[in-house]
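Thanks for coming. I have one structure to go through today, so let me put it on the screen.

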Amino acid sequence: MKIALIGYGKMGKMIEEIARSRGHEIVSIIDIDNQQDFESEAFASADVAIEFTAPQAAYGNYLKAWAKGVKVVSGSTGWMKEHGDDVRQACENGRTLFWASNFSIGVAIFSAVNRYLAKIMNQFPQYDVEMEETHHVHKLDHPSGTAITLAEEIVENIDRKEAWAEDTTDPKLLRVDHIRRGEVPGIHTIRYDSDADIITITHDAHSRRGFALGAVLAAEYTKDHQGLLTISDMFKF
């Protein structure tokens, strides 16, 4: 498969390594200093572009890739509130985007456990639920896209929570806290606390490698699928 990379930071370099190890060809690498390469024949030859950039750049990158007929896999977060409707409409009209807040296989499993546990805990109002996410100091957005996805899954399945919020004491809201320290790849912890006991589930990433592998697996899936795709399409938990 021919892959283009959009964004060539630590994640982009790791994706390149894993993609090559799986027999794929990297035909174009676009970063901040060579945006003109979106117009190149090499970029247009890609089956899929894998995009990991900043929230303010992501949607524009999708448009540039789609203009060349290239499908996109993206892990960029922070763009959905402003451009979510536009992306959904584009994907209904023939464009393809595989988007996930987190491509880790472990996080996909953790998310499935989160949904199942929330359905169970909906029956036990004596347990209050809260979430905490920890990431490296370079991460600008908060809470993380993964935390937002997990929080939305909890709110969807627990009737006593109307929405999620940061820094809240409102019992009707799911509290989501964030911590930024060191070079932490990502830790997400969900706690159900009662007077009697506490139930805790945690996903703790050792490195970015799991995210990078998941992104390459998503590209392999996207090559043969169309529309707006996500982890639940690739993994049927």
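Which residue forms a salt bridge with D177? The partner of D177 is R175, and the closest N and O atoms are 2.9 Å apart. By salt bridge I mean a side-chain nitrogen of Lys or Arg within 4 Å of a carboxyl oxygen of Asp or Glu. D177 is buried at 18% relative accessibility, while R175 is partly exposed at 27%. For these words, buried is under 20% relative accessible area, exposed is over 50%, and partly exposed is in between, with a 1.4 Å probe and protein chains only. There is also a network: E130, E132 and R191 are joined by salt bridges that share partners.

Before going on, the basis. This is a predicted model, where local features need pLDDT of at least 70 and side-chain atom pairs count only at pLDDT 80 or more, while totals for chains, interfaces and linings use all residues. Residues are numbered from 1 along each chain as its sequence is written, and side-chain values use heavy atoms, with hydrogens and water left out.

Next, the record. UniProt, in an unreviewed entry, lists "domain: Dihydrodipicolinate reductase N-terminal" at residues 1-103. In the model, residues 1-103 are 41% helix and 21% strand, with the end C-alpha atoms 19 Å apart. For residues 106-234 the values are 36% helix and 27% strand, with 14 Å between the end C-alpha atoms. Helices (H or I, at least four residues) and strands (E, at least two) are DSSP runs, numbered from the N terminus.

Back to salt bridges. The structure holds 14 of them. One of them pairs the side chains of K10 and E183, at 3.8 Å from N to O. K10 is in helix α1 (residues 10-21) and E183 is in the loop between β8 (173-180) and β9, so this pair ties together parts that are 173 residues apart in sequence. K10 is exposed at 54%, and E183 is partly exposed at 46%.

Another joins the side chains of R88 and D85, at 2.7 Å from N to O. These two are 3 residues apart in helix α4 (residues 80-92), which means they are separated by about one helical turn. R88 is partly exposed at 35% relative accessibility, and D85 is exposed at 56%.

Now the loop between β6 (128-135) and α6 (145-157), which contains K139. Is K139 buried or exposed? K139 counts as buried, at 18% relative accessibility. The K139 side chain makes a polar contact with the side chain of D141, at 3.2 Å. A polar contact is a pair of N or O atoms within 3.5 Å; within protein, one must be able to donate a hydrogen and the other to accept it, and residues adjacent in sequence count only if both atoms are side-chain atoms. Not counting residues up to four places away in sequence, K139 touches T77, S144 and R180, where contact means heavy atoms within 4.5 Å.

P143 lies in that loop between β6 and α6 as well. The peptide bond from H142 to P143 is cis, with omega near -10°. The phi of D167 is near 50°, a positive value in a residue other than glycine. As background, most residues other than glycine have a negative phi, and most peptide bonds are trans. D167 is exposed, at 65%.

On to two pairs with C-alpha distances. T200 is in strand β10, and T200 and T189, 11 residues apart along the chain, have C-alpha atoms separated by 7.0 Å. Contacts of T200, leaving aside neighbours within four places, are T189, I190 and R191. D195 sits in the loop between β9 (187-193) and β10 (198-204). From D195 to H206, 11 residues along the chain, the C-alpha separation is 33 Å. D195 is exposed at 87%.

Last item: where is I109 found? I109 is in helix α5 (residues 105-121), and is partly exposed, at 44%.

Methods: UniProt positions are given in the numbering used here, feature names are shortened, and annotations may be inferred rather than shown by experiment.
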